[in-house]
Amino acid sequence: MSATGAARRRLGVGLIGFGWLGQAHSRSLLRIPTHFPEREFDTELVACADVDAARRDRAVREFGYAAAVEDWRRVVEDPAVDVVYIATPNMFHVEQVEAAAQAGKHVFCEKPVGGTPEQTARAERAVRLAGVTSGVGYNYRWAPLVRYAAQLLADGELGTITNYRGRFFSMYGSDPLGPLSWRYLVEEGGHGVTTDLMSHSVDLAHMLVGPIARVIGTTETFIRERPLPSAEATHYGRGSADAPRGTVTNEDYASMLCEFAGGARGTFEASRTLIGPESQMALDAYGTRGALSWNLERLNELQLYRAADDLGTGYTTVFGGDRFPLHGSFAPGSANGIGFEDLVAIEDYEFCRSLALERPHRPGFEEALAWVSVQAALLRSAETGRWEDVVSLRLP
Ligand SMILES: NC(=O)c1ccc[n+]([C@@H]2O[C@H](COP(=O)([O-])OP(=O)(O)OC[C@H]3O[C@@H](n4cnc5c(N)ncnc54)[C@H](O)[C@@H]3O)[C@@H](O)[C@H]2O)c1
């Protein structure tokens, strides 16, 4: 029974793709009861699919899945599965989403929901027509300090937002010996850093500032060949200098200047090959009465500038703590930090709550569609060299 006395809703979980994020979601679902005793649901790890036999074995032995199978269709078809989690390489998403939605299952798909804007649009249509609930892995939305930032902006505490900077600089591809994993291949990853990294940055901007009206941008691939991967290689691994090489087929870098529909101007950059920032998923919002900055590398700190009557107050640091909702479910007091996977646990908790309470869920595939509509304009602009309007890719 939950704290309200109502019976908890049972949610049978099927998961496809037991790699980094598949395991992160599985761990999160397993520990939700320890963080949220008043939850309205209980999850059961029913079935897991992965093409890798060793990972299937771990899923059963160490995570407690009742079954692990090679063919993902068996997970989707399992009558004990109510919700399908998808954490496979991007180009597999859309077929798996469509099958799950047609089978009447709710779907949580890791970002970006497909490897191309067209695939995301198909996925959004599939869940809409099937009437199932969708969730998408924009986990940085759930950082308690990002939610505080959103509240400050919504309440007008920083005045009118005139400028916004979003960036996601990661070094996972900075080593030219980093192996040619699926992320570098258009046929498995889809587009490159626009899909992998900038999707997060623009999604946060949508939440904080609102829709983007038009963009002008550019893309580039700086490291054009990489060693072919060994079977167990990840994108964080290292190949050998004498290994055979293959061609990188999507972009390492993307940037764009944009105009928000509300009038603010913004810039966005994403790179996987620069040297310096290691996981700088960061934002700066500047308003007529103040500013704020947040950076994943310092997830438990928000820089806040409240100008009020005196323009010279300077930035102050606000530490994360249990005064911000949900932080206290992980660590009490202030400045006892939470981490990356805690955001995944919050994300899974909120998604499962939406299913149990039968309420609409955000971010879902509508939010993924909003990003790819911007992405499509950026990719068009990189070809034409001109400003391009953002046009919704929503399918009828
Ligand atoms: N939200 C985030 O912060 C975040 C972070 C990393 C990855 N992701 C997303 O998660 C997804 C997975 O990324 P990852 O880093 O976990 O990748 P990964 O390579 O670690 O894991 C992918 C898994 O899918 C399995 N797989 C491949 N094809 C399959 C198939 N046809 N059927 C079943 N299993 C299959 C692989 O064997 C592997 O275990 C991607 O969409 C990625 O963009 C999101």
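The model is predicted, so local features need pLDDT of at least 70 and side-chain atom pairs pLDDT 80 or more, while totals for chains, interfaces and linings use all residues. Residues are numbered from 1 along each chain as its sequence is written, and side-chain values use heavy atoms, leaving out hydrogens and water.

The ligand has 27 residues around it, and D50, R55, N90, N139 and W182 are the closest (a residue is near if one of its heavy atoms lies within 4 Å). By type, this shell splits into 13 nonpolar, eight polar and six charged residues (Ala, Val, Leu, Ile, Met, Phe, Trp, Tyr, Cys and Pro count as nonpolar, Asp, Glu, Lys and Arg as charged, and the others, Gly among them, as polar). Domain 1 (9-139) and domain 2 (144-298 + 300-338) both give residues to the shell, so the ligand lies between them; the bounds come from an automatic or database domain assignment.

A backbone N or O atom of T88 is 3.3 Å from a ligand oxygen atom, and for K111 a backbone N or O atom is 3.1 Å from one. From R183, a polar side-chain atom comes in at 3.0 Å from an oxygen atom of the ligand. How much of the ligand does the protein bury? On its own the ligand exposes 850 Å², and the protein buries 89% of that (areas use the Shrake-Rupley method with a 1.4 Å probe).

Now for the backbone. Most residues other than glycine have a negative phi, and most peptide bonds are trans. The bond from K111 to P112, though, is cis, with omega near 10°. P112 falls in the loop between strand 5 (106-109) and helix 5 (117-130) (DSSP runs, at least four residues of H or I for helices and at least two of E for strands, numbered from the N terminus). V113 is found in that loop between strand 5 and helix 5 too, and its phi is positive, near 60°. R362 and P363 are also joined by a cis peptide bond, with omega about 0°.

Conventions
A polar contact is a pair of N or O atoms within 3.5 Å; within protein, one must be able to donate a hydrogen and the other to accept it, and residues adjacent in sequence count only if both atoms are side-chain atoms.
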